[in-house]
Amino acid sequence: MTIHRTSLSAAILSIRTRLDISQAELGKILSVWPNTVSRWERGQVAPSPWQLLNLYRHARTEEELGPILQTLGSKGIALKMGAGAEAHEISIPPSGEACNV
């Protein structure tokens, strides 16, 4: 079993550890098998954009948030959170078309 720890896999492990939950419990929250969480944490595969968005909801530190946002950005998904006119702008181009909420 080879571990290719990346900043994203470390972020996922950090979130799970901080929440004090098992891989099975995180898998249940994200609707994936526990071995999928294990593969994410070992850097063997990356979560889908929708799973990353769900992980983002649980991230709290820069070490957790940064890699998730970077990975989402590399997939063409930009999250802009804040107050006022900039609040909750999310752009997700699922099939080439931008969608702003």
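1. Confidence. The protein has a mean pLDDT of 83, and 76% of its residues reach 70 or more. pLDDT is the predictor's confidence in each residue, on a scale from 0 to 100. Residues 92–101 fall below 50, yet this stretch has 17 contacts in the model beyond near neighbours in sequence. A contact means heavy atoms within 4.5 Å. Where pLDDT is low, the predicted coordinates should not be read in detail.

2. Ground rules. This is a predicted model: local features need pLDDT of at least 70, side-chain atom pairs count only at pLDDT 80 or more, and totals for chains, interfaces and linings use all residues. Residues are numbered from 1 along each chain as its sequence is written, and side-chain values use heavy atoms, with hydrogens and water left out.

3. Overall layout. The protein has five helices and two strands. Along the sequence the pattern reads α-α-α-α-α-β-β. Helices (H or I, at least four residues) and strands (E, at least two) are DSSP runs, numbered from the N terminus.

4. Burial and surface. Of the 101 residues in the protein, 36% are buried. Buried means under 20% relative accessible area, exposed over 50%, and partly exposed in between (1.4 Å probe, protein chains only). The accessible surface is about 6,200 Å², and 55% of it belongs to carbon and sulfur atoms. These areas come from the Shrake-Rupley method with a 1.4 Å probe; for residues, only the protein chains shown count as cover. Take the contacts between residues at least 6 apart in sequence: 43% of them join residues at least 24 apart.

5. H1 against H5. Helix H1 (residues 7–19) packs on helix H5 (residues 62–74) at about 135 degrees, with the axes 8 Å apart. H1 is therefore oblique to H5. Axes are lines fitted to C-alpha atoms, for helices over the stretch in contact; angles run from 0 to 180 degrees between N-to-C directions. Under 35 degrees counts as roughly parallel, over 145 as roughly antiparallel, 65 to 115 as roughly perpendicular, and the rest as oblique. The H1 and H5 crossing is left-handed: the near helix is turned anticlockwise from the far one by less than a right angle, whereas clockwise would be right-handed. On the H1 side, the residues in contact include Leu8, Ala11 and Ile15. Their partners in H5 include Pro67 and Ile68.

6. H4 against H5. Helix H4 (residues 49–58) packs on H5 at about 155 degrees, with the axes 10 Å apart. That angle is why H4 counts as roughly antiparallel to H5. H4 also passes H5 in a left-handed crossing. H4 contributes Leu52, Leu53, Leu55 and Tyr56, among others. H5 answers with residues including Leu65, Ile68, Leu69 and Leu72.

7. Positive phi in two loops. Asp20 has phi near 55 degrees, a positive value in a residue other than glycine. Asp20 sits in the loop between H1 and helix H2 (23–30). Its relative accessible area is 68%, so Asp20 is exposed. Ser31 is not a glycine either, and its phi is positive at about 60 degrees. Ser31 belongs to the loop between H2 and helix H3 (34–41). At 66% relative accessible area, Ser31 is exposed.

8. Leaving aside residues up to four places away in sequence, Gly27 touches Val32 and Val37. Val37 is ten residues from Gly27 in sequence, and their C-alpha atoms are 6.1 Å apart.
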